[in-house]
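Have the viewer open and follow along.

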Amino acid sequence: MIETMLTLLVEKRGWFFDLLAQHIGLSLVSIALAAVIGLSLGIAIAQWRRGAKPVLALVNFVYTIPSIALFGFLIPVTGIGDLTAVVALTVYALLPMVRGTYAGLAAIDPAIVEAARGMGSTDRQLLYRIELPLAAPVIMSSIRTMATMTIALTGIASFIGAGGLGVAIYRGITTNNLAMTLAGSVLIALLAIAVDALLSIAEKATRRHLEPSKERTRARRPAHAPAGMRARRTRLAPAIGAFAAIMLVAGGALALAQRGGGDALDALGGLGGSDGPGAAGSDAVISIATKPMTEQYILGEMLDLLIERDTDLTVELTQGVGGGTANIEPGIESGDFDLYPEYTGTGWNAVLKHEDTYDESLFDTMQQEYESQLGLTWVGQYGFDNTFGLAVSADVAERHNLRTYSDLARAAGGLRLGAEPDFFDRQDGYPGLQEAYGMNFGSTRDMDISLKYRALFEGQVDAIVVSTTDGQVADERLVVLEDDRGFYPSYRCGNVVRLDTLAAHPELQEELLKLNGAISDEEMARMNNEVETKSREPRAVAEEFLVAKGLM
């Protein structure tokens, strides 16, 4: 596995370098912001002790909010991408920073403070010449802890399309590529270790600076200063220097990320994403998002290849946005994305919030509502229908004699169902199955779309929700059951595009229509299988298919 990982790192070094640059930019901007805000808050509550308890309680409370929930709160305000990631990471980094600053300042011997005041020091002089220098080792230790934690936590930024090494981890999990998951994890660990080592040097420097040598004491001793005061006097230079170094590294990382391209930060002042099509760069940039599933990775690469080859447009591809429709659809409405592959049944029920079952006779109605209500439209249908299905392990199917959904409904009380979180709330999901089949499982388990097959094969659940074009549905360890009452609606895949993007770039429509009806259910399942079981790259599979179809 290690050899495979190293080979992958060499072969895709450009891609991993871009992800590393993005990870560094996101991490260090968040670290720098948390250091400034946390240091300021810590100083404020140390000076105004009555405010310490409520501020620390608030910071503690915010820290307990799960990252996914925090993303959910922020997305309506800050959108999809870099800004949301930086805000969330900064919030999580505040706790150690505020606590460390406050603890360092609160631990200073009051006698030292009183002696300094007795010598005529102003509040500003007391803070900058006495208190902060004495608290510097504790503050540097907090920065060190906060930096390491933030670098590790930045892996979740990929969940909302902000890039970083989490993209490699999440894609590896989704496509069953353990080497890619391991490579992303190892790079994050090495980055965290490197930054921790650099900050440990700065921390030791501040501690050494507070240990007065005879030469330094004699050189600095003013004739009128008390002996105890002379022994403890120091300067803020090491702490300021360490913090300045962090800021400089953050600036350098931003520049590196800009050169790296991809989804890297454009600039600290422009973290909020685009204000419309192509706002991140020129009007010739088309931003495409995909969901975190193998076939969407492949479709994203197809769109990238076709658009960049046949037009003057540049594609900015954000692969595997966590949460799927729930996060991408608000992003495309706000202008963070220009287009993404979507499924008709999902558009009808999850986006337009209709409760009835979708079939393709409703497509024109759905198209009109997308255009009038959302400023979006559907362009091009790929041809395959990725509808839901229910699958059980082969052992469970044999033990309970399961062949159809009706069979499963009779045995469901003693079985465990695993599915994506939104499946349990959608009318075309579990509530609908309960109503149509009287299907009530003994227990249910929320899980990521990329983990459900492993959970089934390892016996953690007895039944899972599958997509009919999944590459793993042909695995002999599972049995896909028959929907004998025709419950599931149609989920034909097509492209959802912003109307203003099509108006600005009419040549885009022609490219999207080239894939109209080009992919059958079997072809999509075969391509998914190439990636998931043969560890092929989605781009290579996409290019091979386009060549075979005469589109490239």
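## The five-stranded sheet

Let's start with an open sheet of five strands, which run in the order β7-β6-β8-β5-β9 with mixed pairing. The edges belong to β7 (443-446) and β9 (478-480); each has a single partner strand, so one side of each is left without a neighbour in the sheet. On average, neighbouring strands here are turned by 30 degrees against each other, if you ignore direction. Bear in mind throughout that this is a predicted model.

Strands of a sheet pair through backbone hydrogen bonds, and they can do that either parallel or antiparallel. Which sense do β6 and β8 use? Strand β6 (residues 416-419) and strand β8 (residues 463-467) go parallel, over two bridges. To find the spot, look for G418, which stands opposite I464 in β8.

The protein chain has a mean pLDDT of 81, and 84% of its residues reach 70 or more. Residues 219-282 are another story: pLDDT stays under 50 there, and the model has 100 contacts beyond four places in sequence for that stretch.

## Rings and charges

There are twelve aromatic pairs in the structure. Take F363 and W378: their ring centres are 6.2 Å apart and their planes sit at 75 degrees, so this pair is edge-to-face. F363 belongs to helix α16 (residues 363-374) and W378 to strand β4 (residues 376-385), so the pair ties together parts that are 15 residues apart in sequence. Both F363 and W378 are buried.

Elsewhere, one aromatic cluster brings together F388, Y405, Y437, F487, Y488 and Y491. Two charges also sit over rings. The charged end of K12 is placed over the ring of W15, 4.7 Å from its centre, while the charged end of R477 is over the ring of F457, 3.8 Å from its centre.

## Helix α14 and what follows

Helix α14 covers residues 325-334, and its buried residues are T325, N327, I328, E329, G331 and I332. As a reminder, an α-helix has 3.6 residues a turn, so residues three or four places apart point the same way.

## Loops worth a look

Is K353 buried or exposed? With 60% relative accessibility, K353 counts as exposed.

The loop between α17 and α18 holds N401, and here again phi is positive in a residue other than glycine, near 55 degrees for N401. N401 has a relative accessibility of 53%, so this residue counts as exposed, the cut-off being over 50%.

T404 is also in the loop between α17 (394-400) and α18 (405-411). T404 has a relative accessible area of 15% and is therefore buried, since the label applies under 20%. What does T404 touch, leaving out residues up to four places away in sequence? Its contacts are L481, E482 and D484.

Note on methods
Residues are numbered from 1 along each chain as its sequence is written. This is a predicted model: local features need pLDDT of at least 70, side-chain atom pairs count only at pLDDT 80 or more; totals for chains, interfaces and linings use all residues. Side-chain values use heavy atoms; hydrogens and water are left out. Two strands pair if DSSP finds at least two bridges between them. Helices (H or I, at least four residues) and strands (E, at least two) are DSSP runs, numbered from the N terminus. Axes are lines fitted to C-alpha atoms, for helices over the stretch in contact, and angles run from 0 to 180 degrees between N-to-C directions. Buried means under 20% relative accessible area, exposed over 50%, partly exposed in between (1.4 Å probe, protein chains only). Contact means heavy atoms within 4.5 Å. Rings of Phe, Tyr and Trp (its six-membered ring) pair if their centres lie within 6.5 Å; planes under 30 degrees apart count as stacked, over 60 as edge-to-face and the rest as tilted. A charge sits over a ring if NZ of Lys or CZ of Arg is within 6 Å of the ring centre and within 35 degrees of the ring normal. pLDDT is the predictor's confidence in each residue, from 0 to 100.
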